[in-house]
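I hope they are handy to read with the structure open beside you.

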Amino acid sequence: MVSLRPLLQRRLLSTTASKNPHNHRNCNNNRIRSQKWAIKQVTKSNFSDSVEELKNHISSSDFVAVSLRKTGSFSAPWHRVSPFDAPETAYFKAKYAAERFQILQFAVCPFSIRADKLIAHPYNFHLFPRDELRTGMPSYSFSCQTSHLMSMAREGLDFNTCIYDGISYLSRAQETAAKVRTGNPQRASHVIESTSTPSVADSVFIERIKSRVKHWKNACKNSGTSVDGKNMQVLILQSPCLLSFSVQLLIYLLFILDVLLISMRKLLLGSENYGSRPSMTIDVCSERQVQLVLEMLQGFFDELVPLIIPAKGGGTQAVRVVLTISKEDKDLLESELRDLEEEQTKKVRGFREVIDLISASQKPVVSHNSLNDFTFIHSKFLAPLPSNMDEFKSSLRSVFGHVLDVNHLMREIGSLGKVSSIPAAISYLRNRFFLPTNVEVPQQVMSTEDKILGTRVVWLCQLFTKLCSILKIDLNAVRFGNDSQLVSYANIFNACFTNSQESTDGDIRVWSNSRKKVSSKDLIFLWGFRNGITAGMLKSMLQGSHEVFSEEFNVRLVDKSSAIVVFWQPGLSETFLDAMKSFELSEPLREMVSEGLRASGYEIYMKACSLHLRETNLADSLEKALVCHDSETAPGIKPSEIQWSEMMIDFDNL
């Protein structure tokens, strides 16, 4: 007897899903999340081979997508980038997070579009910073948030593997400092002759060093014609009968004298050996003298190869000159120096070699939150983050020519409702647009363990492809010139805020289209009100308390301790702040002030962000910033345009 229960259950489930679009969307999201691709997991043990493969894939692809997994992001609600953040304050927040937390996984996926096929080559690199050179630099420390660590653990990250076999690295700035600390001689870079006229002191220095080098070189060549002591000894031992004792003694004395003369000459001329080749060291007192020595050697001594010896505290300690016997010998020495330098550099830079490959390719880089991701990338792999947004963008553009953020592409599609993750966004677009794109991930060697580490970077490639398809951007033959359709979306590092707490699994969020532009001058911050008050209650209390609140205004809670007020009519915020300072208040407002109500303009909030005052409650940080603020010495804050959204953080709805 055949049971109909399984069939009825399947039919009921199908009917329920069709009647409930939310369930259907969840099914689509789960189906997308369950997709598995051959994502190569890269650790220290297989890093070298993987880099060579990645280099070829980057070269043959049109784009490179990146996705980072970090040990934390923002520890308090107001620390997150918010809709009322100007670009500068958003950068301050992202900078603080990048300097505090660490990257443990860095997924890289070169990809191309061929017809309706997305060809992707995903790699997931496991990172862990160490002092590989044992020079005491850098001394790494970073913060962790349990929610982020648990999220990575659920995906299958083995923290033991990460710590013991994770790939280390040095930033470009740290690499330069490390070379100085090791004190290894370095090849002199290409010499650019100075256009300035040498001073009298310069001329005296040049002639003195030239004379010294000339005598040293001649002495080295002449010493090559002296009698070899070992051959002399063999000659005496082989022919003891042919030479009288007095003659043998005289030869020994001459030999000893010759050795002493050579030693004295080396001592006086500063001669030593570099490997099997003779060399001498020229001490210098300034970089100007280094330049003069290199110019002199280039102009008068073709057979000499100069090396720079760095000083422990920075700069140059000396110039070492190595003598070669022929042009072929000089070419061989320079080749040996290049190989040695490349070997040392490879050992030092570690994972940064991947960053350098992406940079050198100048392929467009796709990200899902470029401000947060690239502040981390700049901080960990390039140099310490600059003090302001303009310098950050300028520095980053010199390394990555074109950065594309899917958040800004999504903005062109229109409101996506409450779509909150990359799989949900893909599902949303798939249900509303005909987007026949197949994902092809060529099989790569990967672990036999059932891991899902790095899949987000493939979803990111999918989402980018679908968004470009909807926006009619042809990706089959991308050429990033001035006429490219993607140019207008590149290198936009404006804040990409969220309408709720940032997802710990790196999901992206999309804002509503119902946005208005408002100047930061028309925003004020309030704190010191009663605990448990809602935005609606605070707005009701403010209405009628002062004449400025008779006009249209909005109130939103930033966190449980503070609120932000936006005035739609210019000048009202300044009027209200002046009234608060003068204490000429109406009875309702006076009562609120007596209970502890405080107010400030946007510049105090910006100061709290720039000074990294990261108290749990924004009210505490604003209070400290207000104490630090000196209106006479503080630089003027340039008003910024804020994109006010109705989907701002509102704890009434949480």
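How many disulfides does the count come to? The count comes to zero disulfides, a disulfide being a pair of cysteine sulfur atoms within 2.5 Å.

1. Ground rules. This is a predicted model, in which local features need pLDDT of at least 70 and side-chain atom pairs count only at pLDDT 80 or more, while totals for chains, interfaces and linings use all residues. Residues are numbered from 1 along each chain as its sequence is written, and side-chain values use heavy atoms, with hydrogens and water left out.

2. Overall picture. The protein chain has 23 helices and 19 strands; these are DSSP runs numbered from the N terminus, with helices being H or I of at least four residues and strands E of at least two. Of its 654 residues, 49% are buried. Here buried means under 20% relative accessible area, exposed over 50%, and partly exposed in between, with a 1.4 Å probe and protein chains only. Among contacts in the chain with a separation of 6 or more, 78% are between residues 24 or more positions apart; contact means heavy atoms within 4.5 Å.

3. Cysteines. Back to the opening question for a moment: cysteine 162 is buried at a relative accessible area of 1%, and cysteine 468 is buried at 0%.

4. Nonpolar cores. A nonpolar core is a set of buried Ala, Val, Leu, Ile, Met, Phe, Trp, Tyr and Cys residues joined through side-chain atoms within 4.5 Å. The largest one has 67 residues, and Phe106, Phe125, Phe351, Phe374 and Phe400 have the most contacts inside it. A second, separate core has 37 residues, including Ile422, Val441, Ile473 and Leu475.

5. Aromatic cluster. Phe47, Phe106, Tyr123, Phe125, Tyr169, Phe351 and Phe381 form one aromatic cluster. Setting aside residues up to four places away in sequence, phenylalanine 351 touches Phe47, Phe106, Phe125, Leu127, Ile167, Ser168, Tyr169 and Phe381.

6. Aromatic pairs. The structure holds 25 aromatic pairs. Rings of Phe, Tyr and Trp (its six-membered ring) pair if their centres lie within 6.5 Å; planes under 30 degrees apart count as stacked, over 60 as edge-to-face and the rest as tilted. Tyrosine 91 and phenylalanine 92 form a tilted pair, 6.4 Å centre to centre with 45° between the planes. Phenylalanine 128 and phenylalanine 142 form an edge-to-face pair, at 6.3 Å and 80°. Both of these phenylalanines lie in the loop between strand E5 (123-126) and helix H5 (146-155), so the pair ties together parts that are 14 residues apart in sequence. Phenylalanine 128 is buried at 18% relative accessibility, whereas phenylalanine 142 is partly exposed at 29%.

7. Charges over rings. A charge sits over a ring if NZ of Lys or CZ of Arg is within 6 Å of the ring centre and within 35 degrees of the ring normal. Lysine 210 lies over the face of phenylalanine 300, 3.7 Å from the ring centre. The charged end of lysine 539 sits over the ring of phenylalanine 553, at 5.3 Å from its centre.

8. Helix H4. The expected span of a helix is 1.5 Å times one less than its number of residues. For the 14 residues of H4 (residues 87-100) that gives 20 Å, and its end C-alpha atoms are 20 Å apart, which agrees. Ten of the 14 residues are buried, so H4 is largely enclosed by the rest of the structure. Tyrosine 91 is buried at 0% relative accessibility and phenylalanine 92 at 9%. The cover over the buried residues of H4 includes helix H14 (370-382), helix H15 (389-397) and helix H22 (602-610).

9. Helix H18. Here 15 of the 16 residues are buried, so H18 is largely enclosed by the rest of the structure. H18 (residues 455-470) reaches 23 Å from its first C-alpha to its last, close to the 22 Å expected.

10. Positive phi. Most residues other than glycine have a negative phi, and a few places may be worth a look. Lysine 472, which follows H18, has a positive phi near 60°. Glutamine 362 has a positive phi of about 55° and lies in the loop between helix H13 (352-361) and strand E11 (365-367). Asparagine 491, with phi near 60°, is in the loop between H18 and strand E14 (515-519). Glutamine 362 is partly exposed at 42%, while asparagine 491 is buried at 16%.
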